Amino acid sequence: MKIQNTSTGILHVVSFNLGEEEFALDIKLVQEINRPTQVTKISNAENFIYGFVNLRGKIVPVLDLKEKLGLPHREISKDTRIIVVESKDRERIGLIVDSVSDVLKLPEETLEPATSMIRGIRSEFIQAIGKVDDHVIYILDLFRFFKESEIPKS
């Protein structure tokens with residue numbers, strides 16, 4: 001399976017957990033990973049909008065991936081992280097995850113197309129499924145994930 005952004009046949013990803021599932025994002029999209037700081041909640045926002053954080057003087061919207069993917073809610077813990085990514089329009093967006101696992105190199109031959117048969121997860125946001133040792137990892141397609149109109153501007 002040919003994944004966009006891999007000229008070497010290897011996809012470099014940052015893997016993270018949402019509940020019991022492991023997900024990943026192309027490392028080229030990841031700007032930084034932070035512990036949750038004070039998050040300012042937004043009233044009357046979409047369910048998946050967690051709030052805003054101030055990162056070194058820059059206001060960044062924080063989105064709840066579990067809510068967007070239809071996964072069960074879990075409280076913030078010591079392992080919770082905010083992955084800051086760059087959107088299509090070069091805006092920074094924070095993605096709240098239960099924990100960050102690793103940086104992985106996934107050879108193209110270990111990747112398979114996402115199937116609509118993935119139970120409990122909104123599969124339209126999955127770019128591919130990777131096989132890592134004895135488990136699978138869902139590779140998210142960040143650009144399909146959010147409509148620009150859904151993301152609050154800072």
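# Close-up views of a predicted model

**View 1. Ala-24 and its surroundings.** Leaving aside neighbours within four places in sequence, Ala-24 is in contact with Val-13, Val-14, Ser-15, Phe-16, Ile-137, Tyr-138, Ile-139 and Leu-140. The model shown here and in the other views is a predicted one. Ala-24 belongs to strand β2. Its relative accessible area is 0%, so Ala-24 is classed as buried. One of the listed contacts, Leu-140, lies 116 residues from Ala-24 in sequence, yet the two C-alpha atoms are 6.1 Å apart in space.

**View 2. The aromatic cluster of Phe-16, Phe-23 and Tyr-138.** These three residues form one aromatic cluster, and the model has a count of 2 aromatic pairs. In the pair of Phe-16 and Phe-23, the ring centres are 6.1 Å apart and the planes meet at 20°; planes under 30 degrees apart count as stacked, so this pair is stacked. In the pair of Phe-23 and Tyr-138, the ring centres are 5.4 Å apart and the planes are at 40°, so the pair is tilted. Phe-23 is in strand β2 (residues 21-26) and Tyr-138 is in strand β11 (residues 135-140), so their pairing ties together parts that are 115 residues apart in sequence. Phe-16 counts as buried because its relative accessibility is 0%. Phe-23 is likewise buried, with a relative accessible area of 0%. Tyr-138 has 11% relative accessibility, and because buried means under 20%, Tyr-138 also counts as buried.

View 3. The largest nonpolar core has 24 residues, of which Phe-16, Leu-18, Phe-23, Leu-25, Val-85, Leu-95 and Leu-140 touch the most other members. Two or more residues of this core come from each of β1 (10-18), β2, α1 (65-69), β6 (81-86), β7 (92-97), β10 and β11. Another core lies apart from it and has 10 residues, among them Val-13, Leu-104, Leu-106 and Ala-128.

**View 4. Asp-64, a buried acidic residue.** Asp-64 lies in strand β5 (residues 58-64). Asp-64 is buried but has no salt bridge. The nearest side chain of opposite charge is that of Lys-66, 5.5 Å away, and a salt bridge would need a nitrogen within 4 Å of a carboxyl oxygen. Not counting residues up to four places away in sequence, Asp-64 touches Phe-48, Tyr-50, His-73 and Ile-96.

**View 5. Lysines over aromatic rings.** Lys-68 lies over the face of Phe-48, at 4.4 Å from the ring centre. The charged end of Lys-41 sits over the ring of Tyr-50, 3.5 Å from the centre of that ring.

**View 6. Val-39 in the loop between β3 and β4.** The loop that holds Val-39 runs between β3 (30-34) and β4 (49-55). Beyond its neighbours within four places in sequence, Val-39 is in contact with Tyr-50, Gly-51, Phe-52 and Val-53. Tyr-50 is also the residue whose ring has the charged end of Lys-41 over it. Val-39 and Pro-61 are 22 residues apart along the chain, and their C-alpha atoms are separated by 9.3 Å.

**View 7. Arg-92 on strand β7.** Arg-92 is placed in strand β7. With 30% relative accessibility, Arg-92 counts as partly exposed. Not counting residues up to four places away in sequence, Arg-92 touches Gln-31, Glu-32, Arg-56, Val-60, Pro-61, Val-84 and Val-85. Among the residues touched by Arg-92 is Arg-56, which is the subject of the next view.

View 8. Most residues other than glycine have a negative phi. Arg-56 has a phi near 50°, a positive value in a residue other than glycine. Arg-56 lies in the loop between β4 and β5, and at 65% relative accessibility Arg-56 counts as exposed. Phi of Asp-133 is also positive, near 50°. Asp-133 is in the loop between β10 (126-132) and β11. Its relative accessibility is 77%, so Asp-133 counts as exposed.

Conventions:
Residues numbered from 1 in each chain as written. Predicted model: local features only at pLDDT ≥ 70, side-chain atom pairs only at ≥ 80, totals over all residues. Heavy atoms only, no water. Helix = DSSP H or I, 4+ residues; strand = E, 2+ residues; numbered from the N terminus. Contact = heavy atoms within 4.5 Å. Phe/Tyr/Trp six-rings, centres within 6.5 Å; stacked < 30°, edge-to-face > 60°. Buried < 20%, exposed > 50% of the residue type's maximum accessible area, 1.4 Å probe, protein only. Lys NZ or Arg CZ within 6 Å of the ring centre and 35° of its normal. Lys, Arg positive; Asp, Glu negative; His and termini not counted. Core = buried A, V, L, I, M, F, W, Y, C linked by side-chain atoms within 4.5 Å.
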